[in-house]
Amino acid sequence: MYGFSNLCLLLVILLNFFCLGSSRLGACIRAVALQGALLALLPVTAHGLSGHALVLSASALALKGLFIPWLLLRAIREVRIRKEVEPLIGFVPTMIFGALVTAGSFIFADYLPLVAEHRGGLFIPTALATLFAGFLLLMTRRKAITQVLGYLMLENSIFIFGVLLSQAMPLMVEAGVLLDLLVGVFVMGIVMNQINREFSTLNTEHLSALKE
């Protein structure tokens, strides 16, 4: 089962690079949705078909793979945006930064004092790489909706860490993390709607025009 988990994690890393290098918002949303669906398989593949793992997988699939991507796709239809135009840092440099932080994540993971069963695995380096990829999206993109995708990738990295501890963590704690994600996306949806209504654009640089 861990072999399938490692395959899912490798695909997650590839999807990180796809999001960092793509300007198409719809494609990026679908990539993050696929990433969420892959992560939803991890509790079952890592810990077996227990009730706890099944509930966690089902809730993650419903929120990460289906409901939240549907909300974001609906948002880009309503505000009529299709592409991320002129990011703060170009797509190729962003992918180069992504490759560097991904390599650094694998190197750094080797020096962590992990238990024997987690050494040499892909959970920790993938979680770190996804965390940094999310930060890159937040810092290098102008569109608010792309920054929401960065926030989702940050939560995906936390979810990967949580899978390693899911046997020890109470289910309510994990449900709370997913609820925080859902609430955060709703809040960002309200913010995007207000930005678009006031400025007719979702470029976050226009927020500098907000003055008393």
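1. At what angle do the axes of helix 2 and helix 6 cross, and within what distance do they come? In this predicted model, the axes of helix 2 (residues 25–47) and helix 6 cross at roughly 10° and come within 10 Å. Helix 2 is therefore roughly parallel to helix 6 (angles under 35 degrees; over 145 counts as roughly antiparallel). Axes are lines fitted to C-alpha atoms over the stretch in contact, with angles from 0 to 180 degrees between N-to-C directions. Helices are DSSP runs (H or I, at least four residues), numbered from the N terminus.

2. Contact (heavy atoms within 4.5 Å) between helix 2 and helix 6 involves residues including Ile29, Val32 and Leu42 of helix 2, and Leu149, Phe159 and Ile160 of helix 6. By class, this contact has 16 nonpolar, four polar and no charged residues.

3. Helix 5 (residues 123–140) packs on helix 6 (residues 144–164) at about 165°, axes 7 Å apart. That angle makes helix 5 roughly antiparallel to helix 6.

4. The largest nonpolar core has 42 residues. Such a core joins buried Ala, Val, Leu, Ile, Met, Phe, Trp, Tyr and Cys residues through side-chain atoms within 4.5 Å; buried means under 20% relative accessible area (1.4 Å probe, protein chains only). Ile29, Leu42, Leu72, Phe123, Leu149 and Ile160 touch the most other members. Helix 2 gives the largest share, 10 residues.

5. Beyond its neighbours within four places in sequence, Leu149 contacts Cys28, Ile29, Val32, Leu72 and Leu137.

6. Residues are numbered from 1 along each chain as its sequence is written, and side-chain values use heavy atoms, without hydrogens and water. Local features need pLDDT of at least 70, side-chain atom pairs count only at pLDDT 80 or more, and totals for chains, interfaces and linings use all residues.

Key
Helices (H or I, at least four residues) and strands (E, at least two) are DSSP runs, numbered from the N terminus. Angles under 35 degrees count as roughly parallel, over 145 as roughly antiparallel, 65 to 115 as roughly perpendicular and the rest as oblique. Ala, Val, Leu, Ile, Met, Phe, Trp, Tyr, Cys and Pro count as nonpolar, Asp, Glu, Lys and Arg as charged, and the others, Gly among them, as polar. Buried means under 20% relative accessible area, exposed over 50%, partly exposed in between (1.4 Å probe, protein chains only).
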